[in-house]
Amino acid sequence: TGLLVSALAPSMQVLVVGRFVQGAASGSAYALSLGTVAKALPAAIRPRVLALMATTWLLPGLLGPPIGGFLAGTVGWRWAFIVPIPFLVLSVVMIYPALRGEADPDAAPTPVARALLLMLGAALFLAGIGGHTPASAIIAVIGFAIAATGLRAIVPAGTFRARRGLPAAALCAFLLSVSFAAIDSYVPLMLTKVRGLSVTAAGITITFAAFTWALGAWWQSHEVGKRSYGSLVTIGATALIVAIAIAYVVLRGGPIWLIYLAWAVAGFGMGVAFPSIPLAVMAGADVGAEARELSPTLLMDTLGIAMGAGLGGAVIALATGEGASLDTGLSFAFAIAAAAAVTLVVLSPRIDPAR
């Protein structure tokens, strides 16, 4: 439905509604897939299953960006929303028979009101920080307060202090997503508007990341048990810092081929760190409550994606709105990504369960 609304959108406002529906659906599918791994599979094979899930990005990562760039540059961007629909119909046919089981009698009620409060606050915050007036600043402050109120009621106590175990894992999931989204969302913009590449050529960088993401996940699945979860996240976050530094060199006029190296390193780092955080949560969860205790981490992960992309876009808009160049705005976005990754390196040892 979200894809169809986006494809037929007569205005940017309607396109945003379509993307909202897509985001809600994608978040649900993501939580369901990892929740299934947590609740239905024994701990010994979870790392291999998550590595296998990472490899399913290979074909989309290889074909998706070039196809999307080709469609946008020929028949039109609307077709980029239409083409995936038959694949989703097929996936529903495959998945639905497995979803007709009994409900979990111990499942807690869904905190819909708190989630909507968080969403409203985050939207106001991101809208406010992208403005240029005192009213925008007030909106941002109000939005931040509303979002914090909604979030505090959902995440475990001690999340904001990175208390060891589940709270620290939730915060680290947020930081990892902020770091990756704050730069990943704008590398194509940098390549097309600053370095003059085509949309298709810029999209190939994502292909490099898809391959190395799967490679990193495969390596991580063999290192679980030999290394702590926190050390694996540290390795992944450090790789992401290196990738951001290389991407900044490209932004400032360095050889264009370095961006492919940067995103290969970033993909490997994400492949190592991304599954390590939920695996740490599953390892420390009570038996039978793995999916329930994992849900705040998944929430913080998706919130981090929104905040990373939103903060990056806001600083770019502020910089260009004040007369600065696009590469200056991109530098600020890259700085946000680097700051989140460095903070993640500091906090990642705290994700290991206390017991």
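Predicted model: local features only at pLDDT ≥ 70, side-chain atom pairs only at ≥ 80, totals over all residues.
A residue is called buried when its relative accessible area is under 20%, exposed when that area is over 50%, and partly exposed in between (1.4 Å probe, protein chains only). Residues are numbered from 1 along each chain as its sequence is written, and side-chain values use heavy atoms, with hydrogens and water left out.

**The chain as a whole**

- The protein chain has 15 helices and zero strands; these are DSSP runs numbered from the N terminus, with helices being H or I of at least four residues and strands E of at least two.
- Its radius of gyration is 20 Å, close to the 20 Å that the globule rule gives for 355 residues, so the chain is as compact as a globular protein of that length. The radius is taken over C-alpha atoms, and the rule is 2.2 Å times the number of residues to the power 0.38.
- Along the principal axes, the C-alpha atoms fill a box of roughly 55 × 45 × 40 Å.
- Buried residues make up 41% of the 355 residues.
- Of the contacts (heavy atoms within 4.5 Å) with a separation of 6 or more, 76% are between residues 24 or more positions apart.

- In H9, 17 of the 19 residues are buried. At 1.5 Å a residue this helix should span 27 Å, and its end C-alpha atoms are 27 Å apart, which agrees; the expected span is 1.5 Å times one less than the number of residues.
- H13 (residues 258-284) has 27 residues and should span 39 Å, and its end C-alpha atoms are 40 Å apart, which agrees.
- Since 22 of its 27 residues are buried, H13 is largely enclosed by the rest of the structure.

**The cavity**

- Rolling a probe the size of a water molecule over the atoms shows where empty space is left.
- On a 1 Å grid over the protein atoms alone, a cavity is a set of points where a 1.4 Å probe fits but cannot get out; a pocket is an open set with protein on both sides within 12 Å along at least five of seven lines, and lining residues have an atom within 4 Å of a point.
- Searching the whole structure turns up one cavity of 30 Å³ or more.
- The largest cavity has a volume of about 70 Å³, where volume is the space filled by probe spheres set on the grid points, joined across faces, edges and corners.
- H2 (12-40), H9, H13 and H14 each supply at least two residues of its lining. Among the lining residues are Tyr30, Ser177, Phe274 and Asp301.
- That lining divides into eight nonpolar, two polar and one charged. Nonpolar covers Ala, Val, Leu, Ile, Met, Phe, Trp, Tyr, Cys and Pro; charged covers Asp, Glu, Lys and Arg; the others, Gly among them, are polar.

**The second largest pocket**

- The second largest pocket has a volume of about 330 Å³. It is lined by 16 residues, and Phe144, Leu151, Phe174, Leu303 and Met307 are the closest to its centre.
- Helices H7 (112-129), H8 (134-152), H9 (166-184) and H14 (290-321) each give two or more residues to this lining.
- Its lining has 15 nonpolar residues, one polar and no charged ones.

**Residues to look up**

- Ser6 sits in helix H1 (residues 2-7) and is buried, at 0% relative accessible area. Beyond neighbours within four places in sequence, its contacts include Leu15, Trp77 and Phe81.
- Ala7 is also found in H1 and is buried at 2%. The C-alpha atoms of Ala7 and Phe81 are separated by 5.4 Å, though the two are 74 residues apart along the chain.
- Thr212 lies in helix H11 (residues 199-223). Leaving aside neighbours within four places, Thr212 touches Trp263, Ala264, Gly267 and Phe268.
- Lys193, in helix H10 (residues 187-194), is exposed, with a relative accessible area of 63%.
- Most residues other than glycine have a negative phi. Ala162 has a positive phi, near 55 degrees; this residue lies in the loop between H8 and H9 and is buried at 3%.
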